[in-house]
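User: I'm new to this one and would like to learn how to read it feature by feature. Could you walk me through it?

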Amino acid sequence: MGRGRWRRVASQVGRSVAVWAVSTVTMLVLAGILPDFQLQSPDGDSATTIAVTAALGAGAFGVLSAVVWPLLVRLLLLVPALVLGLLVFFLNGSLLLLALRLNPAGRPEAAPETAVIVAAVMSAVASATGAALAVRDDDAYRSRLHRLALRRGRTLPPCSTTPGTAVIQLDGVGHDVLRDAVELGLMPTVARWLGAGPDGAAPPGPATAPPTHRLTSWRTDWSSQTGASQLGILHGTNHDVPAFRWYEKDTGEVMVCNRPTSAVELQRRAVARTGHGGLLADDGASRGNLFSGGAGESALVLSVSARRGPGTRSRAGYFAYFSDPANAVRTALSFIAETGREIGQSLHARLRGQRPRVSRGGLYPLIRAFATVVERDVVVAAVVGDLLAGRSVVYADLVAYDEVAHHSGPHSRDAAKVLRRLDRALALIENVAEHAPRPYRIVVLSDHGQSPGETFRARYGLTLADLVRAGCGLPVPRRARRTRSGAEARAAVRAALRRPVEEGAERHRPARRPEPVVLASGNLGLVSFPDVPHRMSEEEISARHPALLPTLANHPGIGFLLVRSEEHGGVVLGARGARIPLADLDADPGPLAVFGPGAADAVRRTHSFPHTADIMVNSSHDPADGEVLAFEEQIGSHGGLGGAQSRPFLLSPLRCSPPVPEGTELVGAEEIHRVLRRWLTEAAAPPRVPAQAAPESEAGMPGAGMPEAETPVTGAPETDGESEERAA
């Protein structure tokens with residue numbers, strides 16, 4: 001025992017000396033290249049003096065980086081994350097200048113801007129050297145990775161044979177997108193889990209490792225977006241979440257799923273409805289999510305960011321990652337590179353005349369870089385710490401693909417490159433699981449997909465809000481009046497009112513009622529009349545605005561409407577006078593037919609929500625190419641019905657019982673929650689003997705007739721040496 005400990009100490013000292021030596025050489029090389037960086041006095045020094053100066057400077061910089069840098073990062077938790085990435089270079093350069101001033105061997109000098117460059121290069125070289133030296137040393141590799149867990153004040157737990165569960169959400173990656181990425185060789189880690197070759201093809205011979213995971217598609221609710229799906233997955237219910245944003249008449253507030261105050265309220269309602277804290281309540285960790293899932297450890301969680309108190313701030317998750325200066329420099333450099341990559345890709349798309357296309361200027365390059373670099377790096381590092389801390393369950397969301405696909409398209413080359421990087425993140429997590437104190441089952445899923453298509457505004461020249469205003473006889477912008485849709489809507493108003501509408505009179509007519517609230521969630525639109533305290537019926541809307549419902553239902557860019565009916569309870573309206581009660585949709589789906597199976601059930605469920613809008617508007621859908629028309633400025637959208645947005649995936653280990661019986665469809669985020677909860681129960685007390693088949697009376701129950709999971713083998717999922725080197 002003592003001999004092994006001394007061997008580890010000697011190995012660590014040897015690596016530290018090697019990193020110091022490489023840093024010294026790096027400083028000498030930079031001093032010879034950069035004119036504003038000098039290690040010798042103006043009168044000249046001997047080679048020995050210069051070498052000693054470089055060694056002392058590199059050593060002082062290393063010590064300051066290890067001691068002072070974590071304190072600086074903790075102070076900078078008050079700084080917005082986007083600004084923090086830019087301050088990294090300035091602070092690292094300041095530490096180098098301080099190290100040079102403390103050097104007793106000479107009078108080294110460096111201009112401030114040069115110090116920034118030297119510090120960045122030295123941090124990167126030191127990080128790369130340390131990683132290279134630790135590649136074949138499992139103890140060193142584990143020690144290097146679990147520093148994040150130790151910084152949280154946790155000691156490494158004893159080994160356990162009870163499997164933990166790590167759930168990684170690839171935000172917005174649809175089932176078909178994942179399958180195509182595997183076939184194209186973009187995601188070799190996922191391909192290996194599924195038993196496919198590196199190019200996605202089936203393995204040629206028996207020597208290839210068998211599959212370790214199964215791929216299952218599932219169907220979302222009508223509201224195919226992260227807020228509804230993640231609330232259902234983490235808390236077991238997404239009742240009364242009709243869209244990404246909606247207007248609540250009883251409070252007069254607009255709820256937005258990615259707004260901290262709304263996330264807090266939605267989580268509170270979910271906990272009150274289910275009576276339990278969430279999926280992660282038992283020794284769980286929530287990373288990068290909208291909701292906490294009841295986890296005791298949270299980082300970058302929106303519903304926690306609105307609360308005040310120790311350990312509840314969402315930026316606290318940045319400290320553990322950015323306290324390592326090498327991590328900070330690496331992420332900052334990647335942030336700048338990703339920003340430049342987005343600017344270049346946007347310019348290239350514009351020069352090629354790519355269609356469809358949306359604006360990608362303003363702050364979007366910085367937002368994309370934050371989602372694809374900073375958020376990814378911090379969340380993955382947090383998951384690494386959780387695995388090495390031996391937590392029972394971890395749920396993390398990686399939003400990179402969703403952000404890029406919104407603006408570049410779900411099948412674009414830009415999005416494909418993001419999938420490659422996400423696969424590397426999965427490989428790292430898998431590799432770290434081998435060094436965890438307990439075996440882990442890695443589950444990967446998505447909350448929704450994305451459907452391609454140009455925007456409603458690009459195709460018709462006006463927004464949904466413009467069309468609603470025109471149908472209500474309210475003033476619309478001049479650009480909207482000149483479009484065919486705007487002219488037709490105004491003509492319908494004149495016909496319904498049986499009198500002409502003069503341009504000037506319409507423009508200056510005082511508003512007698514509050515204007516309708518029109519909100520968009522992807523290709524799902526919501527229209528509410530705030531002056532009416534209840535959900536208006538079809539009859540009430542037609543009495544107030546006779547032309548509105550026909551204008552919307554007959555527009556070629558709109559697939560169908562959902563409204564309450566005093567006669568039938570609820571009806572779906574479509575083009576050419578289609579009007580089908582909800583109870584009759586199974587026999588005659590009408591305009592819902594092109595949206596596929598399950599559309600009627602999704603519409604009926606949303607109709608039952610207390611805060612469903614007066615008019616629910618779903619865009620048209622072309623089943624031939626899967627395109628929809630987003631009411632937002634997105635060429636890859638989700639939030640409604642139509643196309644791949646409603647078909648995400650669930651990638652689960654074969655050690656877990658099947659999600660649903662063979663031939664049964666997995667429907668709804670709430671069902672995903674029940675499946676994950678079943679797997680957590682299996683992991684906590686894995687049965688040694690398969691359970692007997694359930695009786696026929698229980699066959700219709702969720703999970704009935706499921707084969708029980710086999711007793712898991714102690715250890716992490718199977719991997720190969722190539723993935724280990726890639727992760728290191």
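User: How many helices and strands does the protein chain have?

Analyst: Keep in mind that this is a predicted model. The protein chain has 26 helices and 22 strands. Of its 728 residues, 54% are buried. Among contacts with a separation of 6 or more, 72% link residues 24 or more positions apart.

User: What about the outside?

Analyst: The accessible surface of the protein chain is about 31,200 Å², and carbon and sulfur atoms account for 57% of that.

User: Okay, on to the inside. Which residues touch the most other members of the largest nonpolar core?

Analyst: The general idea comes before the case. In soluble globular proteins, nonpolar side chains tend to be buried together. Here the largest nonpolar core has 53 residues, and Trp222, Leu592, Val603 and Leu676 touch the most other members. Helix α25 (residues 669–684) gives the most to this core: five residues. Take Leu676: leaving aside residues up to four places away in sequence, Leu676 touches Val167, Ile233, Leu279, Val443 and Leu445. Another core lies apart from this one, with 52 residues, including Ala328, Leu426, Ala433 and Ile442.

User: Which residues form a nonpolar patch on the surface?

Analyst: Look at Val25, Val29 and Ile33, which together have about 270 Å² of accessible area. Ile33 sits in helix α1 (residues 2–33). Ile33 counts as exposed because its relative accessibility is 58%, and the cut-off for exposed is over 50%.

User: And Thr339, is that buried or exposed?

Analyst: Thr339 counts as buried, because its relative accessibility is 12% and buried means under 20%. Thr339 is part of helix α13 (residues 325–351). Beyond residues up to four places away in sequence, Thr339 touches Pro365, Leu366 and Ala369.

User: How do I read a sheet? What is the order of the eight strands in the open sheet?

Analyst: A general point to begin with: in a regular strand the side chains alternate between the two faces of the sheet. In this open sheet the order is β8-β7-β9-β3-β10-β21-β4-β22, with mixed pairing. At the edges are β8 (297–299) and β22 (666–667), each pairing on one side only. Inside that order, β10 (residues 440–445) and β21 (residues 649–653) pair in the antiparallel sense over two bridges. In that pair, Val444 stands opposite Leu651 of β21.

User: Now the hairpins. How many residues lie between β14 and β15?

Analyst: Three, in the hairpin that β14 and β15 form. Strand β14 (residues 558–565) runs antiparallel to β15, joined by five bridges, and Leu562 stands opposite Val572 in β15. On to β16 (residues 579–581): β15 pairs with β16 in the antiparallel sense over three bridges. The bridge partner of Val572 in β16 is Ile580. The hairpin of β15 and β16 has five residues between its strands, and Arg576 takes a positive phi near 55 degrees there.

User: Why is β15 largely enclosed by the rest of the structure?

Analyst: Because four of the five residues of β15 (residues 569–573) are buried.

User: Let's do charges. How many salt bridges are there?

Analyst: Side chains of opposite charge can pair when their charged atoms come close. The count here is 32 salt bridges. One of them joins Arg269 and Glu265, at 2.8 Å from N to O.

User: How do I make sense of that pair's position?

Analyst: An α-helix has 3.6 residues a turn, so residues three or four places apart point the same way. Arg269 and Glu265 are four residues apart in helix α10 (residues 260–274), about one turn of the helix. Asp386 and Arg391 also form a salt bridge, with the closest N and O atoms 3.0 Å apart, and both of these residues are buried.

User: What does the pair of Glu515 and Arg469 tie together?

Analyst: Glu515 is in the loop between α21 (503–508) and β12, and Arg469 is in helix α18, so the pair ties together parts that are 46 residues apart in sequence. Their side chains meet in a salt bridge of 2.3 Å, N to O. Salt bridges with shared partners also join Glu338, Arg341, Glu342, Arg360, Arg368, Asp414 and Arg421 into one network.

User: And how covered is α18?

Analyst: Mostly: seven of the eight residues in helix α18 (residues 464–471) are buried, Arg469 among them. Just after α18, Gly473 takes a positive phi of about 80 degrees.

Definitions and conventions. Residues are numbered from 1 along each chain as its sequence is written. This is a predicted model: local features need pLDDT of at least 70, side-chain atom pairs count only at pLDDT 80 or more; totals for chains, interfaces and linings use all residues. Side-chain values use heavy atoms; hydrogens and water are left out. A nonpolar core is a set of buried Ala, Val, Leu, Ile, Met, Phe, Trp, Tyr and Cys residues joined through side-chain atoms within 4.5 Å. Buried means under 20% relative accessible area, exposed over 50%, partly exposed in between (1.4 Å probe, protein chains only). Contact means heavy atoms within 4.5 Å. Patches are made of residues with over 30% relative accessible area and no salt bridge: like charges are joined within 9 Å, nonpolar side chains (Val, Leu, Ile, Met, Phe, Trp, Tyr) within 5 Å. Accessible areas come from the Shrake-Rupley method with a 1.4 Å probe; for residues, only the protein chains shown count as cover. A salt bridge is a side-chain nitrogen of Lys or Arg within 4 Å of a carboxyl oxygen of Asp or Glu. Two strands pair if DSSP finds at least two bridges between them.
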